[in-house]
Amino acid sequence: MTFIPKPRVVHPGLPKNKLGLTIRDYEGTMSTLCAGCGHDSVTAGIIQAFHELDTEPHRVVKLSGIGCSSKTPTYFLGTAHGFNSAHGRMPSIATGANAASRGLTYIGISGDGDSLSIGLGQLCHAIRRNLDMLYVIENNGVYGLTKGQFSASADVGTKSKKGEANAYAPIDPALLAMSLGATFVARSFSGDKRQLVPLIKAGLRHKGFALIDVISPCVTFNDHEGSTKSYKYTRDRNVEVAHADFVPLASEIVAEIGVGGPAGPAGETSVTMHDGSVVRFTRVAEGYDPRHRDKAMAYLMEHQRSGRVPTGLLFVDETAPEMHEIAGTVEKPLNQVPFEKLCPGRKALAELQEAFR
């Protein structure tokens, strides 16, 4: 299928964003994934999010590792910068690229096998550094590219397509991220575009590491009776913690939101993002606070024990410094700094060493 070019027929009635681009301008090549794969729904959500945010495609860097999920960047933003890294090593590539060129928008697409097994250490340190990027985990509980073995996110007791039950406790990426200090953590379902798109938009605008764990069923190896990552299982047990509605900074929108006071209408909580945009929450669970890390983790663990899948914006912290602020780097992207400043020579090095003797 990769040799078949995607038709460039554009309907004249397609709406355009502020850049004059239609949603077709944010697409990539034709998907080679299985028909009905949840990952293609995630792709559609990413395309819509970038289009609605009026993002210039050439100002985006998309990265991945290895696995079915890591094919996803091929299918969106065909004119963006892209890098397909080794298995589990995408966070290191993202860190290096971001360190050199901080002015771009970074999005990494990974899977539960790529991030929670061989790439677990890499993911942990990207979170620890609060790397400024959106990190999407397409979570299906199996290694789909190598015929359906259990991944590290497979729940205890879930059955493989051949009927074998998993005996190992799963790694929950949302709980892991919060325990490591992630500043934006969300979970969604690939079949719920209404919820997923605003979360992607909010994650892209977040200043720091934003992780979205997307339950994305594998229709070939993990969509059967007995699977806890199937379409049916997820739909039956989906519990929306907080509906996130992303509202970009614009005076007319802010005026409309103002009804009911600065905090929004009754029953809603608004959190101002770093650039002045707002993520609006419709509170579903009484007393749930997405800005309180300990309570959010306790809520997740409580629902995990009962077999439910909490979705929505689980935690957000806009006060923590991101990687460049922590490291004290210059404002100008390093790839634009003149060589003589990046490498001032032997004399400058000698003076520096002498100062610390």
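How do the residues of the lining of the largest pocket divide into nonpolar, polar and charged? The model is predicted, with local features requiring pLDDT of at least 70 and side-chain atom pairs pLDDT 80 or more, while totals for chains, interfaces and linings use all residues. Residues are numbered from 1 along each chain as its sequence is written, and side-chain values use heavy atoms, without hydrogens and water.

**View 1. The largest pocket has a volume of about 490 Å³.** A pocket is an open set of points on a 1 Å grid over the protein atoms alone where a 1.4 Å probe fits, with protein on both sides within 12 Å along at least five of seven lines; lining residues have an atom within 4 Å of a point. The volume is the space filled by probe spheres set on the points, which are joined across faces, edges and corners. Of its 24 lining residues, G103, L104, T105, D132 and L204 are the closest to the centre.

**View 2. The lining comprises seven nonpolar, eight polar and nine charged residues.** Asp, Glu, Lys and Arg count as charged; Ala, Val, Leu, Ile, Met, Phe, Trp, Tyr, Cys and Pro as nonpolar; the others, including Gly, as polar. Helix α6 contributes the most, with three residues.

**View 3. The largest nonpolar core has 32 residues.** Such a core joins buried (under 20% relative accessible area, 1.4 Å probe, protein chains only) Ala, Val, Leu, Ile, Met, Phe, Trp, Tyr and Cys residues through side-chain atoms within 4.5 Å. Among those with the most contacts inside it are L123 and V185.

How values were computed
Helices (H or I, at least four residues) and strands (E, at least two) are DSSP runs, numbered from the N terminus. Buried means under 20% relative accessible area, exposed over 50%, partly exposed in between (1.4 Å probe, protein chains only).
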